Amino acid sequence: MKKVLTIAGSDSGGGAGIQADLKTMTVHQVYGASVITAVTAQNTLGVQGVKTLSVQAVISQLDSVLRDIEFSALKTGMLANSQIIEQIAAKIKEYSLPNLVVDPVMVATSGDLLLKEEAVETYKEKLFPLAEIITPNLYEAKVLAGVETEENNDPQVLAEKLITYGSSWVLIKGGHTTKKRSAKKAVDLLYDGSQFIEFEAEHIPTNNTHGTGCTLSAAVASNLARGMDMEKAVGQAKKFITGAIKNNFPVGQGNSPVNHFWRLQNLQHSSNQQFS
Ligand SMILES: Nc1ncnc2c1ncn2[C@@H]1O[C@H](COP(=O)(O)OP(=O)(O)O)[C@@H](O)[C@H]1O
Ligand SMILES: Cc1ncc(COP(=O)(O)OP(=O)(O)O)c(N)n1
């Protein structure tokens, strides 16, 4: 079984962060290990507190797993600050880790900050050049490209800018535009510096999308670990996230998380059909 590592923050509510990543990896039939960067007190209503771990605590977890386990892919989520990003980048280089998926988490949908502002440059300089793919939402893409939030909504222009930071691929998620209830389609744009590929799915009119970004990037990492090429890895991950939003069930009093388990029901269904 392939092994995949997530380096991210913990969401006590279980909908995003490390918890979403491990569930996603499990239903993709890969073995998930985790390095925690921060502990958030979080639920479906928002983030009530954040405790970022020391750089030493993060690196010690990383050394433990990297000395022992061979990973076929890894993803990063909430990295909190520039010191953590810098040290993680150094370890990824030291161990020559393959298939790095960087989800440059900045702000939770609830509006709570999950990254220090000073860390944006460190992402670009240290981590993106090591990444197979970066997966910003539209807001994150604009911050990274250094454009005003009101101007330049064109994902192609943003992707052309972001690819210059050194990742092999950029995936700009439909993000905040798809979150508008009036939207008809949820479109993500993949770019490798020469070709634009659009992934289009139905837009589901719901606020129950907690953990969508984390889940999508963990699915891409799992698919890469299983040997898919990038176009297929993203295409399959997009189908997975669409089903996970659509098959959502109520959790808590706020915005419910996506339903990772629907993939199991789906797998069960197709294997029953195969063997019946
Ligand atoms: N309401 C929705 N209906 C269908 N797909 C959605 C919806 N909201 C988000 N998505 C999809 O979920 C994935 C994660 O995107 P997004 O929610 O923008 O990430 P983030 O959580 O980082 O902001 C993308 O593939 C996006 O198109
Ligand atoms: C600990 C932690 N990490 C990341 C996020 C952001 O999750 P994401 O899937 O990008 O989107 P929302 O859940 O905020 O809609 C988080 N909330 N917590």
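Helices (H or I, at least four residues) and strands (E, at least two) are DSSP runs, numbered from the N terminus. This is a predicted model, in which local features need pLDDT of at least 70 and side-chain atom pairs count only at pLDDT 80 or more, whereas totals for chains, interfaces and linings use all residues. Residues are numbered from 1 along each chain as its sequence is written, while chains are lettered from A and ligands numbered from 1 in the order in which they are written.

Leu189 also stands opposite Glu198 in β9. Strand β8 (residues 185-191) runs antiparallel to strand β9 (residues 196-202), and seven bridges join them; Tyr191 has Phe196 of β9 as its bridge partner. The two strands form a hairpin with four residues between them, and in the turn Gly193 has a positive phi of about 100 degrees. Because five of the seven residues of β8 are buried, this strand is largely enclosed by the rest of the structure; a residue is buried if 20 or more other C-beta atoms, placed from the backbone, lie within 10 Å of its own, exposed if 12 or fewer, and partly exposed in between.

## The whole sheet

The open sheet has nine strands in the order β3-β2-β1-β4-β5-β6-β7-β8-β9, with mixed pairing. At its edges stand β3 (46-52) and β9, each with a single partner strand, so one side of each is left without a neighbour in the sheet. Strand β2 (residues 31-43) runs antiparallel to β3 and is joined to β3 by six bridges; Val39 stands opposite Lys51 in β3.

Helix α1 (residues 17-27) packs on the sheet, touching β1 (3-11), β2 and β4 (73-76), and its direction makes about 150 degrees with that of β1. Helix α6 (residues 155-162) also packs on the sheet, touching β6 (133-134), β7 (169-172), β8 and β9, with its direction at about 150 degrees to that of β7.

## Helices α3 and α4

The helices α3 and α4 pack at an angle of about 10 degrees, with their axes 9 Å apart; axes are lines fitted to C-alpha atoms, for helices over the stretch in contact, and angles run from 0 to 180 degrees between N-to-C directions. That makes α3 roughly parallel to α4, a term for angles under 35 degrees. The contact is made by Ser82, Ile85, Glu86 and Ala89 of α3 together with Ala119, Thr122, Tyr123, Lys126 and Leu127 of α4, where contact means C-beta atoms, placed from the backbone, within 7 Å.

The buried residues of α4 (residues 119-127) are Ala119, Tyr123, Lys124, Lys126 and Leu127. Their cover includes α3 (82-94), β5 (100-102) and α5 (138-145).

## Around ligand 2

Of the 19 residues around ligand 2, those that come nearest are Gly9, Ala16, Gly17, Thr109 and Gly213; a residue is near a molecule if its C-beta atom, placed from the backbone, lies within 6 Å of it. The elements giving two or more residues to this shell are β1, β2 and α8 (212-225).

Technical notes: Two residues are in contact if their C-beta atoms, placed from the backbone, lie within 7 Å. Two strands pair if DSSP finds at least two bridges between them. Angles under 35 degrees count as roughly parallel, over 145 as roughly antiparallel, 65 to 115 as roughly perpendicular and the rest as oblique.
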